[in-house]
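Please open the model in your viewer and keep the sequence beside it. The tour goes from one selection to the next, with a word at each stop on what is there.

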Amino acid sequence: YGNFNNFRRLVHKLQQRGIAGVCIEDKVFPKANSFVGERQPLADIQEFCGKIRAGRDVVASRELVIVARIEALISGFGMAEALKRAEAYRAAGADAILIHSKQRTADEILMFAKEWARRCPLVIVPTTYFDTPTEYYEKAGVALVIWANHNLRASINAMRATSRRIMA
């Protein structure tokens with residue numbers, strides 16, 4: 001969203017339109033897909049906190065939720081960096097933390113959740129570790145699971161099977 005002024009303006013405009021929330025991630029511009037490459041550069045923590053504070057400044061009485069997405073795990077910077085960023089973003093005014101991982105199991109996310117200890121709501125997107133039963137997330141204190149494109153992926157398989165039957 002550019003610098004803190006751009007984010008402030010975005011939050012103001014979203015709030016005018018009755019939007020419930022916004023999620024920003026701590027990557028540098030131009031953003032690359034999280035699953036491409038290793039060690040993608042992350043935003044400076046203090047600069048990112050400035051964006052969160054700028055957005056928080058224009059939100060009237062917490063009407064709009066600001067979710068801070070942390071890319072430290074997915075970019076290979078490790079658990080300590082992810083936790084440090086999460087705490088800084090929470091202290092800056094983020095209403096929730098979205099933690100992302102590209103591991104094939106939920107172990108890394110569940111470890112983060114344990115260390116995070118419900119300091120504020122935790123959001124996950126299990127793109128690659130979708131086989132984990134949802135009750136594990138509930139027990140770990142995850143507040144929201146975003147099943148990003150899983151239904152779309154399933155529908156593609158169904159469309160392929162239907163097309164094969166039609167073409168037979």
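Is Glu 87 buried, partly exposed or exposed? At 24% relative accessibility, Glu 87 counts as partly exposed, where buried means under 20% relative accessible area, exposed means over 50% and partly exposed lies in between, with a 1.4 Å probe and protein chains only. Before going on, note that this is a predicted model, in which local features need pLDDT of at least 70 and side-chain atom pairs count only at pLDDT 80 or more, while totals for chains, interfaces and linings use all residues. Residues are numbered from 1 along each chain as its sequence is written, and side-chain values use heavy atoms, with hydrogens and water left out.

**Salt bridges**

Helices (H or I, at least four residues) and strands (E, at least two) are DSSP runs, numbered from the N terminus. Arg 119, at 39% relative accessibility, counts as partly exposed.

Next, select Arg 85 and Asp 26, which form a salt bridge whose closest N and O atoms are 3.2 Å apart. Arg 85 lies in helix α3 (residues 79-92) and Asp 26 in the loop between β1 (21-25) and α2 (45-58), so the pair ties together parts that are 59 residues apart in sequence. Arg 85 counts as buried at 6% relative accessibility, and Asp 26 counts as buried at 0%.

Now move to Lys 27 and Glu 71, whose side chains meet in a salt bridge at 3.5 Å, N to O. Lys 27 sits in the loop between β1 and α2, while Glu 71 sits in the loop between β2 (65-70) and α3, 44 residues apart. Lys 27 is buried, with a relative accessible area of 9%, and Glu 71 is buried as well, with a value of 0%. A search of the whole structure finds 11 salt bridges.

**Strands**

Select β2, where five of the six residues are buried. Five bridges join β1 to β2, and these strands run parallel; two strands pair if DSSP finds at least two bridges between them. Color Val 22 and you will find that its bridge partner in β2 is Ile 66. Four bridges join β2 to strand β3 (residues 96-99), again running parallel, and here Arg 69 stands opposite Leu 98 in β3.

**Aromatic pairs**

For the last stop, show the rings: the structure holds three aromatic pairs, counted for rings of Phe, Tyr and Trp (its six-membered ring) with centres within 6.5 Å, where planes under 30 degrees apart are stacked, over 60 edge-to-face and the rest tilted. One of the pairs is Phe 112 with Trp 116, which is stacked at 6.1 Å centre to centre and 15 degrees between the planes. Both lie in helix α4, four residues apart, about one turn of the helix. Phe 112 counts as buried at 0% relative accessibility, and Trp 116 is buried with a relative accessible area of 1%.

Notes:
A salt bridge is a side-chain nitrogen of Lys or Arg within 4 Å of a carboxyl oxygen of Asp or Glu.
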